[in-house]
Amino acid sequence: RTQKKNATMLTILVDNVLEWHKYLVDAGVKVWKEPQKNDFAEASFYFDPGGYIIEIQHFTDPAKHKVFE
C-alpha cells in the first residue's frame, strides 16, 4: 500500500503505456499518476483494489527494455 517508507509496488512492462492507460481508465481503475515520459522510460501509476500501486512502464531505450524480456 502507499506508504512513506518501504512501500511495495508491482511494475508491468508494456509496449504502449498510453493504450494501457486508456484501457485501465475505461475499466474504472483509479489513477495515481498520469502517464509521464522522460529519457529513461514512459510510465503511469494506478491503485489496485487493495490499495497497492501498480506501475505500467515502457523503457524509451530499446536496449534497456530487452534486459527485461
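This is a predicted model: local features need pLDDT of at least 70, side-chain atom pairs count only at pLDDT 80 or more; totals for chains, interfaces and linings use all residues.
1. Residues are numbered from 1 along each chain as its sequence is written, and side-chain values use heavy atoms, with hydrogens and water left out.

2. Now for the overall layout. The chain contains two helices and four strands, arranged along the sequence as β-α-β-β-β-α. These elements are DSSP runs numbered from the N terminus: helices are H or I with at least four residues, and strands are E with at least two. The chain has 69 residues, of which 25% are buried.

3. Strand 3 (residues 41–47) deserves a look, as six of its seven residues are buried and the strand is mostly covered. On one side of the story is strand 2 (residues 31–37), which pairs with strand 3 in the antiparallel sense over four bridges; strands count as paired if DSSP finds at least two bridges between them. Across this pairing, Gln36 faces Ala43 of strand 3. The hairpin that joins strand 2 to strand 3 passes through three residues.

4. Strand 3 also runs antiparallel to strand 4 (residues 53–59), and seven bridges join the two. Within that pairing, Phe47 has Ile53 of strand 4 as its bridge partner. The hairpin of strand 3 and strand 4 has five residues between the strands, and in this hairpin Gly51 adopts a positive phi near 95°.

5. Trp32 is partly exposed, at a relative accessible area of 38%. The ring of Trp32 also meets that of Phe47: the centres are 6.4 Å apart and the planes are at 65°, so this pair is edge-to-face as well. Because Trp32 belongs to strand 2 and Phe47 to strand 3, the pair ties together parts that are 15 residues apart in sequence. For reference, rings of Phe, Tyr and Trp (its six-membered ring) pair if their centres lie within 6.5 Å; planes under 30 degrees apart are stacked, over 60 edge-to-face, and the rest tilted.

6. Lys30 is over the face of Phe47, 5.1 Å from the ring centre, and Lys33 is over the face of Trp32, 4.7 Å from the ring centre. A charge sits over a ring if NZ of Lys or CZ of Arg is within 6 Å of the ring centre and within 35 degrees of the ring normal.

7. Which residues form the salt bridge? Lys22 pairs with Asp26, the closest N and O atoms being 2.6 Å apart, and the structure holds one such bridge. The term means a side-chain nitrogen of Lys or Arg within 4 Å of a carboxyl oxygen of Asp or Glu. Lys22 and Asp26 are four residues apart in helix 1 (residues 17–26), so about one helical turn separates them. Lys22 is exposed, at 51% relative accessibility, and Asp26 is exposed too, at 57%.

8. At the surface, Leu13, Val67 and Phe68 make up a nonpolar patch with about 300 Å² of accessible area together. Patches are made of residues with over 30% relative accessible area and no salt bridge, like charges being joined within 9 Å and nonpolar side chains (Val, Leu, Ile, Met, Phe, Trp, Tyr) within 5 Å. The areas come from the Shrake-Rupley method with a 1.4 Å probe, and for residues only the protein chains shown count as cover. Phe68 belongs to the segment after helix 2 (62–67) and is exposed, at 54% relative accessibility.

9. Lastly, is Glu55 buried or exposed? Glu55, a residue of strand 4, is buried, with a relative accessible area of 8%. Glu55 and Met9 are 46 residues apart in sequence, while their C-alpha atoms are 7.1 Å apart in space.

Notes. Buried means under 20% relative accessible area, exposed over 50%, partly exposed in between (1.4 Å probe, protein chains only).
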